[in-house]
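Please look over the sequence and the model shown below before reading on.

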Amino acid sequence: MSVTGFKKAIVTGAAGDLGSRISRGLAARGIELVLLDCAEAPLTALAKELGARVTVATYVADQADLEGFAVIADSIAERHPDVDLIVANAGIDLPQKLTA
């Protein structure tokens, strides 16, 4: 994984198998993390594991709940304006409009 120069990353679907592997790889490179997942317990466990290496913020979020997710996304944008990498790993199985 080549992530040269990044300082802070958002990882969606962070608590799943692929998301947790991506998060571990980023943490190993010293990249601060903002982790999102709909499963609170595994998300908390991952944050505890990675928190010894880097700063980690977590958000329990279900991207299928578009209105609720929009509120969380706004909060993340406000609290973490320095994010410079987004790993959109979470799967969404609801059809949705991608344009305004």
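## A buried lysine and its partners

In this predicted model, Lys8 has a relative accessibility of 9%, and because the limit for a buried residue is under 20%, Lys8 counts as buried. Its side chain forms a salt bridge with Glu32, in which the closest N and O atoms are 3.9 Å apart.

Glu32, with a relative accessibility of 29%, counts as partly exposed, whereas Lys8 is buried. Asp82 also takes part here, as Lys8, Glu32 and Asp82 are linked in a network of salt bridges.

## Salt bridges at the helices

The whole structure contains four salt bridges. One of them joins the side chains of Arg21 and Asp17, with a distance of 3.1 Å from N to O. Arg21 and Asp17 are four residues apart in helix α1 (residues 17-28), and therefore about one helical turn separates them. Both of these residues are exposed.

Another salt bridge connects Glu49 with Arg24, and here the closest N and O atoms are 2.7 Å apart. Because Glu49 lies in helix α2 (residues 40-50) while Arg24 lies in helix α1, the pair ties together parts that are 25 residues apart in sequence. Glu49 counts as partly exposed at 39% relative accessibility, and Arg24 also counts as partly exposed, at 32%.

## The chain as a whole

The residues described above sit in a chain whose secondary structure consists of three helices and four strands, and reading from the N terminus these elements follow the order β-α-β-α-β-α-β. Among contacts with a separation of 6 or more, 54% are between residues 24 or more positions apart.

A compact globule of 100 residues would have a radius of gyration near 13 Å, and the value for this chain, 13 Å, agrees with that expectation. Along its principal axes, the C-alpha trace spans about 35 × 25 × 25 Å.

## Surface and charge

Of the 100 residues, 35% count as buried. The accessible surface of the chain comes to about 6,100 Å², and carbon and sulfur atoms contribute 55% of that area.

Conventions: Residues numbered from 1 in each chain as written. Predicted model: local features only at pLDDT ≥ 70, side-chain atom pairs only at ≥ 80, totals over all residues. Heavy atoms only, no water. Helix = DSSP H or I, 4+ residues; strand = E, 2+ residues; numbered from the N terminus. Rg over C-alpha atoms; globule rule 2.2 N^0.38 Å. Buried < 20%, exposed > 50% of the residue type's maximum accessible area, 1.4 Å probe, protein only. Contact = heavy atoms within 4.5 Å. Areas by Shrake-Rupley, 256 points an atom, 1.4 Å probe, with all protein chains shown as cover.
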